[in-house]
Amino acid sequence: MTAPTLLGGPAGAESFAEHQRRLGARPLGSPALIEHIERSGLVGRGGASFPAGAKWRAVASGAGPAVVIANGAEGEPLSHKDQVLMATRPHLVIDGAQLAAESVGADRIFLYVGESHRAALAAMASALQQRPAVERARTRLLPAPPTYTAGEETAAVHFVNERVATPTAIPPRPFEAGVDGRPTLVQNVESLAHAALLARNLFPDTVLLTVGGGVARPGVYELHTGGSVGEALGLAGGARTGARAVLLGGYFGGWIDAAAAAGFALDPRRLKAAGGSLGCGVMWVLDPRSDPLLETARVIQHLAEESAAQCGPCFFGLRSLAGAAARLAGGQPERSDLPNLHRWVDMVRGRGACRHPDGAVAFMASALQVFAPEYAAAGRRAL
Amino acid sequence: MSNSLLWYTTRGAGVVSLLLLTGVVVLGVLSVRRFEAAGWPRFLTVGLHRNVSLLALVFLGVHILTAVVDPFTSLGWVPVLIPFGSYYRTFWLGLGTVAFELLLAIVVTSLLRAFIGAWAWRLVHWLAYAAWPIAVLHGIGTGTDAGSFWLLAIQVLCAVAVLAAVALRLLTSSPDPLAADRARFRERVSREP
């Protein structure tokens, strides 16, 4: 048998019968599974790469019955891997959510799926109908608003509680007090799918990647974590000749010089050591025909518009950053724009209730570093 | 240093502490109201409140230290941290100890705000409304200058300033520069239950 994968199996949405024939019946979740997941070293695939086992254990040790939120909001515009996973392997995700619930002692499960991800929503809805009555009774499909921050874990909890998907202040973190004040596990759907295979003693040492931008065949690919960024780009037909940089990790990641990126290992821990971050698995190649400063300005503008307007430094700071980045990209900067970008990147960090501003300035800082010559040239155009 | 010089320093530093703490309370109460104009630099608003409070702490340190080391008072170190532990004007001096400890709690939690969370910080910070009046009472009932006209005038002035600031805060609503944007975003991410 070939090594197990998440997307292996038939094309299109897999039915419950096919799923069970292929992988066998789902075992029951238990505290032993938490230990199993801890030993596997599985990290969250939502972007933060937090160890999944540690999170399950924290929720399990909380007081009273817990709640599980399977996070498929996928608000990152460049990422499609969660949508593809839910649209093609909905039962793997639901298996993972059920196993998580049984392991941490949860009696309610929310499948939190981005409302604009139509194929994923439809597949998850029909998959849920095919599940046993016990599972259906404790599981609810909940469409998530299509905003960037809706998938942030406190925002997901806030949405379940009050139908408003804005991040809330921490502490308390969801594992301490989440849905209705109960310990709540918010776990990305890809991580849950991994847990579903781990519970069957299969070890899919893979990551789902969304490879896009200046490549021949953009799409979602599954690759062994022993692979490299170069191999991932190769699956998509390779980066176009002359590609200058790769955006690794999506809008919350950072630009990396294309030549250096090819050799980077995919393994989240090794990648972190090399100064990169896989984040939610996005690799977006800067097309050689595109202007790096314009693409950067576009991303930071989007992040500014996606600020929940709750914290001043995030709301005003990202707007100011976007304005300066746009003027530099447009060739009509003010003299203070470039120095201000450098200054504000440090001023905004760590000053929001959630990590939205931190992610945005980390992205901006990577642009200032990788495209330093372009920014210097643009800055000289100032009057 | 002669004994009388120490005693003068104690009294002077006490009065300066009162004035500075009054300034801190007024700035803190008004900062919630965003009394500043849009163009004002931050050191006049958030920065000033913080820095004046640290300056007040320095004068308070001098006030306490000179009182304790003054051989004429023979207070000892006990009343610095133990309220009502002094033989001399037990009650009125004890109020000073209480106010000092409340102030310490407020300063320490402010320095540790990033670690303890906004709500824990805020709960402790509300103690400022207790610390300040207790400090004023301590000044009214203790020391050589208690009841003197000039000290009473300063105390009345301080009380009027704080009461006016609190009244302004209670009577006017706080403008929220983000209110419209906040509402617009909430609209985008809210769904009917």
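# Exercises on a predicted two-chain model

With 383 residues, chain A would have a radius of gyration near 21 Å if it were a compact globule, and its value of 21 Å agrees. The radius is taken over C-alpha atoms, and the globule rule is 2.2 Å times the number of residues to the power 0.38. This is a predicted model: local features need pLDDT of at least 70, side-chain atom pairs count only at pLDDT 80 or more, and totals for chains, interfaces and linings use all residues. Residues are numbered from 1 along each chain as its sequence is written, and chains are lettered from A and ligands numbered from 1 in the order in which they are written.

## Exercise 1: The two chains

Describe the make-up of chain A and of chain B.

*Solution.* 

1. Start with the elements. Chain A has 17 helices and nine strands. Chain B has nine helices and zero strands. Helices (H or I, at least four residues) and strands (E, at least two) are DSSP runs, numbered from the N terminus.
2. Take the extents along the principal axes. The C-alpha trace of chain A spans about 70 × 45 × 35 Å. For chain B the box is roughly 70 × 35 × 25 Å.
3. Count burial. A residue is buried if 20 or more other C-beta atoms, placed from the backbone, lie within 10 Å of its own. Buried residues are 54% of the 383 in chain A. They are 24% of the 193 in chain B.
4. Turn to contacts (C-beta atoms, placed from the backbone, within 7 Å). Take pairs at least 6 apart in sequence. In chain A, 71% of these join residues at least 24 apart. In chain B, 65% do.
5. Finish with the interface. Here 14 residues of chain A touch 13 residues of chain B. The chain A side has nine nonpolar, four polar and one charged residues. Ala, Val, Leu, Ile, Met, Phe, Trp, Tyr, Cys and Pro count as nonpolar, Asp, Glu, Lys and Arg as charged, and the others, Gly among them, as polar.

## Exercise 2: The four-stranded sheet

Work out the strand order of the four-stranded open sheet of chain A, and find what packs on it.

*Solution.* 

1. Write the order. It is β3-β2-β1-β4 in chain A, with parallel pairing. Two strands pair if DSSP finds at least two bridges between them.
2. Find the edges. β3 and β4 (184-188) of chain A each have a single partner strand, so one side of each is left without a neighbour in the sheet. The twist averages 20° from one strand to the next.
3. Check a pair. β1(A) and β2(A) run parallel and are joined by seven bridges. A:Ala70 stands opposite A:Leu111 in β2(A).
4. Helix α3 (residues 52-60) of chain A lies across β1 and β4, at about 160° to β4(A). Helix α8 (residues 153-162) of chain A touches β1, β2, β3 and β4, and makes about 120° with β4(A). Axes are lines fitted to C-alpha atoms, for helices over the stretch in contact, and angles run from 0 to 180 degrees between N-to-C directions.

## Exercise 3: The five-stranded sheet

Trace the five-stranded sheet of chain A, then follow β7(A) through it.

*Solution.* 

1. Write the order. This open sheet runs β6-β5-β9-β7-β8 in chain A, with mixed pairing. β6 (219-224) and β8 (254-257) stand at the edges. Neighbouring strands are turned by 30° against each other on average, direction ignored.
2. Find the parallel pair. β5 (residues 206-213) and β9 (residues 282-285) of chain A share four bridges in the parallel sense. A:Gly212 stands opposite A:Trp284.
3. Now take β7(A). It runs antiparallel to β8(A), over four bridges. A:Val246 has A:Ile256 as its bridge partner. β7(A) also pairs with β9(A), antiparallel, over three bridges. There A:Leu248 partners A:Met283.
4. Look at the turn. The hairpin of β7(A) and β8(A) has five residues between the strands, and A:Gly249 takes a positive phi near 90°.
5. Check both faces. A:Ala245 and A:Leu247 on one side, and A:Val246 and A:Leu248 on the other, are all buried. Helix α16 (residues 356-370) of chain A lies across β7 and β8, at about 25° to β8(A).

## Exercise 4: An enclosed helix

Why is helix α4 (residues 81-88) of chain A described as largely enclosed?

*Solution.* 

1. Count. Eight of the eight residues of α4(A) are buried, so the rest of the structure largely encloses this helix.
2. Name some. Among them are A:Lys81, A:Asp82 and A:Gln83.

Key
Buried ≥ 20, exposed ≤ 12 C-beta atoms within 10 Å, placed from the backbone. Contact = placed C-beta atoms within 7 Å.
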